[in-house]
Amino acid sequence: MGFARCGADWPLGGCAAAGFTQGKQPALGRIQAEKLDLLALRQIALHMARDEPLWARLQEHTMAGQVQALQWQWQGDWQAPTHYDTQWTISQLLLRHDAPKPGSQPWPGIQNADVSIQLSSTGGRLDLRMPRGGTVFLP
């Protein structure tokens, strides 16, 4: 099962494709996307979130930027995969903890950052560049 969306019929900009299989073997999944607007993704997630803690976290954070490239593959339940591998490239990232709940710890934030993330079930790497005068927000 899967889907692919690009162009005018896809409200997030760019392209996205996903596929997964499940049967007698453990579930396998794959998501690929390029040129997705993070602000639009946040807005959609706020409207779709059924999980109160997730919705509350999204409400507390401002985020923007563009996902230039995303690849994510997993085996097993997508919420707790037995194996996974993902790569993200994000440009002009803005992630700021604007409205923490009373009693919660504020998070650090970042603005105007280019980020490359590689994660797998065996480890990961994060590369951060700020070529356009980026900012780090510390609590």
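Is Gln92 buried, exposed or partly exposed? Gln92 counts as partly exposed, at 44% relative accessibility; buried means under 20% relative accessible area, exposed over 50%, and partly exposed in between, with a 1.4 Å probe and protein chains only.

## Basis of the model

This is a predicted model, in which local features need pLDDT of at least 70 and side-chain atom pairs count only at pLDDT 80 or more, while totals for chains, interfaces and linings use all residues. Residues are numbered from 1 along each chain as its sequence is written, and side-chain values use heavy atoms, with hydrogens and water left out.

## Overall build

The chain holds two helices and nine strands. Helices (H or I, at least four residues) and strands (E, at least two) are DSSP runs, numbered from the N terminus. In order from the N terminus, the elements are β-β-β-β-α-α-β-β-β-β-β.

Of the 139 residues in the chain, 27% are buried. The chain exposes about 9300 Å², and carbon and sulfur atoms supply 57% of this area; accessible areas come from the Shrake-Rupley method with a 1.4 Å probe, and for residues only the protein chains shown count as cover. Among contacts in the chain with a separation of 6 or more, 45% are between residues 24 or more positions apart. Contact means heavy atoms within 4.5 Å.

## The helix pair

Two packed helices are described by the angle between their axes and the distance between the axes. Helix 1 (residues 38-48) and helix 2 (residues 52-60) pack at an angle of about 145 degrees, and their axes are 9 Å apart. Axes are lines fitted to C-alpha atoms, for helices over the stretch in contact, and angles run from 0 to 180 degrees between N-to-C directions. Helix 1 contributes Arg42, Ala45 and Leu46 to the contact, and helix 2 contributes Trp55, Leu58 and Gln59. By class, the contact of helix 1 with helix 2 has four nonpolar, one polar and one charged residues. Ala, Val, Leu, Ile, Met, Phe, Trp, Tyr, Cys and Pro count as nonpolar, Asp, Glu, Lys and Arg as charged, and the others, Gly among them, as polar.

The buried residues in helix 2 include Ala56, Leu58 and Glu60. Cover for the buried residues of helix 2 includes helix 1, strand 5 and strand 6 (83-97).

Ala69 lies in strand 5 (residues 61-75) and counts as partly exposed at 35% relative accessibility. Not counting residues up to four places away in sequence, Ala69 touches Ala33, Glu34, Gln87, Trp88 and Thr89. Ala69 and Trp88 are 19 residues apart along the chain, and their C-alpha atoms are separated by 5.7 Å.

Leu70 is also placed in strand 5, and with 10% relative accessibility Leu70 counts as buried. With neighbours within four places in sequence left aside, Leu70 is in contact with Ile31, Gln32, Ala33, Thr86, Gln87 and Trp88. Leu70 and Leu36 are 34 residues apart along the chain, with 9.1 Å between their C-alpha atoms.

## The aromatic pair

A search of the whole structure finds one aromatic pair. The ring centres of Trp72 and Trp74 are 4.6 Å apart and the ring planes are at 40 degrees, so the pair is tilted. Rings of Phe, Tyr and Trp (its six-membered ring) pair if their centres lie within 6.5 Å; planes under 30 degrees apart count as stacked, over 60 as edge-to-face and the rest as tilted. Trp72 is partly exposed, at a relative accessible area of 23%, whereas Trp74 counts as buried at 13% relative accessibility.

## Positive phi values

Gln92, placed in strand 6, has phi near 50 degrees, a positive value in a residue other than glycine.

For Lys35, phi is near 55 degrees, again a positive value in a residue other than glycine. Lys35 is found in the loop between strand 3 (28-34) and strand 4 (36-37). The relative accessible area of Lys35 is 43%, and this residue is partly exposed.

## Arg129

Arg129 is in strand 8 (residues 123-129) and counts as exposed, at 53% relative accessibility. Leaving aside neighbours within four places in sequence, Arg129 is in contact with Asn112, Ala113 and Asp114. Arg129 and Ser91 are 38 residues apart in sequence, and C-alpha to C-alpha they are 9.4 Å apart in space.
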